[in-house]
Amino acid sequence: MINHLKKATPTEVDANRDTAVKETVAKVISDVATRGDEAVREYSAKFDNWSPESFALGADEIERIVARVPEQALEDIRAVQARVRDFAQRQRDAILDFEAETEPGVFLGQRNIPVAAAGAYVPGGRYPLVASAHMTVVTAKVAGVERVTACTPPIHGEIPAATVAALHLAGADEINILGGTQAVAAMALGTETIGKVDLLAGPGNAYVAEAKRQLFGQVGIDLFAGPTEVLVIADEFADPFVVAVDLLSQAEHGPDSPAVLITTSRALAERVGELIERLLPGMPTRDFAEPAWRDHGEIVVVDDVEEAFALGDRYAFEHVQVLTADPRQALTGMTNYGALFLGEGTCVSYGDKVIGTNHTLPTRGAARYTGGLWVGKYLKTVTYQEVRSAEASAALGRLCGRAARVESFEGHARSGDIRAMKFGDDTFSWVPADAAVRR
């Protein structure tokens, strides 16, 4: 039985705002496509009050910016990137090329080829999101992407030094201080100074997400991203204070970030609710966390862990933290999630910032059909075929002729016929008597 102690009460979607976002993004993309750098500069000045001589940072400038970052912060960036790189390399090593002789004389193969160029968008807003540099650029480089172009916006009119340092240490080939739709459009379409990329990756606000949606098809994207989501599944053995802190840790992402607790213990559910109300007033990020919890927070009590897992799969959330007596049950008990965080020793914040797995994950139910950003997103899995045996080609030709004619594809059938004739002893009425078919 499912019992809601607290339900989400989101405010009505502002249709006019959503329409305005779509229209604004469409106009910016159209202008960038038509006017290139001139439009990019115009919108950067309008939206970010940022119009430098060049958006791209030169090597000397990057060196000066990185030198401003405290050494401890640089050491921490290197440590985190080493973890991200190690995990991404393990993923890459698991993706294999192969060639197999599937039948005598018939060879089929697969290759995994990195895209030539990727765009990494690292959002800024009020604070630098340094971790997004690790997730997008390091992963792309491990995949073998030759050129990674990065864009990150100025923050309060200043260059975000820590983000630039992270992008540089991650291996970005080009770093631009440029944000919003104009940055995404410039990378996707190419301008006089910003090279066109093949794939865009990285989170962003509603305008960035809408830009990626509108540009998808002209360029590949990692995934469609929405507000950050966290689901905690807990039983009576969980620490309610830990649960409360971890829910609020993700609510601070934004006022529309859902935070949900599913628990088998009514006592724990009530205590977590009390603790959240006590903790919220003192949070420095209360302006985001409070409306997120008020409008999108939920507390649900269920009968047992199996029911909790089943309900969790229906939510299909980005982050699922399992605080139960046996958290590893979730590995077989759940299928719909962006990432699992098992046991009290870990938390979603580790995944967001330091542990090494990628934090760019599916939201809004997309976990039902996709995972998050990983090294494979930067790879194109392509196939090839080669028939080396005359006998095999003749046999395939006969089969192709029959199969194609079932579908009334006569041209396809004749491609098969000609090989059955060339490499076998077949004859066909449609072949002119004087055709020069070399055997």
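# Close-up views of a predicted model

His319 counts as buried because its relative accessibility is 1%. (Buried means under 20% relative accessible area, exposed over 50%, and partly exposed in between, with a 1.4 Å probe and protein chains only.) The model is predicted: local features need pLDDT of at least 70, side-chain atom pairs count only at pLDDT 80 or more, and totals for chains, interfaces and linings use all residues. Residues are numbered from 1 along each chain as its sequence is written, and side-chain values use heavy atoms, with hydrogens and water left out.

**View 1. His319 and its surroundings.** Strand β12, residues 319-323, contains His319. Helices (H or I, at least four residues) and strands (E, at least two) are DSSP runs numbered from the N terminus. The side chain of His319 reaches the backbone oxygen of Glu229 at 2.7 Å. This is a polar contact, a pair of N or O atoms within 3.5 Å; within protein, one must be able to donate a hydrogen and the other to accept it, and residues adjacent in sequence count only if both atoms are side-chain atoms. Leaving aside residues up to four places away in sequence, His319 touches several residues, among them Thr228, Val230, Gln250, Phe341 and Asp352. Contact here means heavy atoms within 4.5 Å.

**View 2. The largest nonpolar core.** A nonpolar core is a set of buried Ala, Val, Leu, Ile, Met, Phe, Trp, Tyr and Cys residues joined through side-chain atoms within 4.5 Å. In soluble globular proteins, nonpolar side chains tend to be buried together. The largest core in this model has 70 residues, and the members that touch the most others are Leu57, Val164, Leu167, Leu200 and Tyr378. Helix α5 (residues 130-143) supplies the largest share of this core, 8 residues. Another core, of 28 residues, lies apart from it and includes Ala244, Leu247, Leu261 and Ala289.

View 3. Which residues does Leu57 touch, not counting residues up to four places away in sequence? They are Ile62, Ile65, Ile159, Val164, Ile175 and Ile177.

View 4. An unreviewed UniProt entry lists Tyr121, Gln182 and Asn205 for "binding site". These positions span 85 residues in sequence, yet no two of their C-alpha atoms are more than 12.8 Å apart, so they gather at one spot. UniProt positions are given in the numbering used here, feature names are shortened, and annotations may be inferred rather than shown by experiment. Tyr121 is in strand β4 (residues 117-121) and counts as buried, at 6% relative accessibility. Its side chain reaches the backbone nitrogen of Gly180 at 2.8 Å. Asn205 is in the loop between β7 (199-201) and α8 (206-215), and is partly exposed with a relative accessible area of 45%. The side chain of Asn205 reaches the backbone nitrogen of Val208 at 2.9 Å.

**View 5. Two residues with positive phi.** Most residues other than glycine have a negative phi. Asn49 is not a glycine, although its phi is positive, about 50°. Asn49 is in the loop between α2 (37-48) and α3 (59-67), where it is exposed, with a relative accessible area of 68%. Ala316 is not a glycine either, and has a positive phi of about 50°. Ala316 is in the loop between α12 (305-315) and β12. Is Ala316 buried or exposed? Ala316 is buried, with a relative accessible area of 0%.
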